[in-house]
Amino acid sequence: MGKLITDEIRSWIGRADEPIRLEVSRRDIVKYSLATEQLNEKYLRGDEAPPMFLFGTDRALTPIDELGPDGLRRDPLLPDLPLKRVMAGGVKQRHLLPIVPGDVLLIRRSITDIYDKQGSSGALIFIVYDVSVTNANDALVMQQTQSRIIR
Amino acid sequence: MPNLKNLKVGDKLPERDHHPTNVSLFLYNAAIWNPHRIHYDERYTTEVEKHPGVVIDGPLQGDWLTQVVVNWLGDDGQLIEFEYSNRRASMLGETLTSGGTVTSIKGDTATLDIFIRNEAGDVVTPGTATVRIDA
């Protein structure tokens, strides 16, 4: 473990958010599909959600006056780190069931790893999250591993 | 659309150019409720976070990677799993190209290398995908 990761930061591994309940609407699927310039009609009609539709839904919505100077909402599942600039790192995602309008999903997020690394432009901290999504029948819909880079 | 009988390792998926704009990044970040200023506030992005320009979202590039796959599959298969890594930031004004290659075929399952490449030819977001192709 690198010197940036203290025992206090490391103690965050295993912590989880309050689960988020998401009602999937056709309009939200259509908005996402148009914004990402999908070509497939089933996405543009909102019949089914594109694979990355749920990105960002694992975090609670925050009032504007609670956003930080970088515009980001304070993430209750992000420890106080010696580095502050947040970047997307990557995603690994497995799909088990299609997501369609009317689905009521439960999204659970937890921290599975925190480590640091020396990048070409300086030190980087990686926070790795596990995100699991189940439907109203408690069936697993999607399993995701997501990393955020703090520089 | 892939045909399992004719599919070969090394087959290329159709490439697509992406020309994100201020408007398309605004709509994307509104759709995912992402208020991070590096995606719309050029002055903040360059002066405070020291990026050379407004940053194209990493997950948006991830979405484009999935589109390479699902547009190729059409109604003839399913995307089972994928992963990608945002290796280098890309800025508004750049044209990015998505594409992929078949790397293995086993039964009805194929694996793919997928990529986002910048105008200099550098892969900024590499990834892989696993798909099931209908017989």
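Biologist: What makes two strands a pair in this predicted model?

Modeller: Two strands pair if DSSP finds at least two bridges between them. β2(A) and strand β2 (residues 77–85) of chain B have five bridges. The cut-off is at least two, so β2(A) and β2(B) count as paired. The sense is antiparallel.

Biologist: Which residue of β2(B) is the bridge partner of Gly90(A)?

Modeller: Ser85(B) is the bridge partner of Gly90(A).

Biologist: What makes residues of chain A and chain B count as in contact?

Modeller: Their C-beta atoms, placed from the backbone, must lie within 7 Å. The contact takes 27 residues from chain A and 29 residues from chain B. On the side of chain A that touches chain B, α2 (26–35) and β2 (86–95) each give two or more residues. β2(A) gives the most there, with nine residues.

Biologist: How do you know which residues of chain A are buried?

Modeller: A buried residue has 20 or more other C-beta atoms within 10 Å of its own. In chain A, 25% of the 151 residues are buried.

Biologist: What elements make up chain A?

Modeller: Three helices and five strands. From the N terminus on, they run α-β-α-α-β-β-β-β. Among contacts in chain A between residues at least 6 apart in sequence, 67% join residues at least 24 apart.

Technical notes: Residues numbered from 1 in each chain as written. Chains lettered and ligands numbered in written order. Predicted model: local features only at pLDDT ≥ 70, side-chain atom pairs only at ≥ 80, totals over all residues. Contact = placed C-beta atoms within 7 Å. Helix = DSSP H or I, 4+ residues; strand = E, 2+ residues; numbered from the N terminus. Buried ≥ 20, exposed ≤ 12 C-beta atoms within 10 Å, placed from the backbone.
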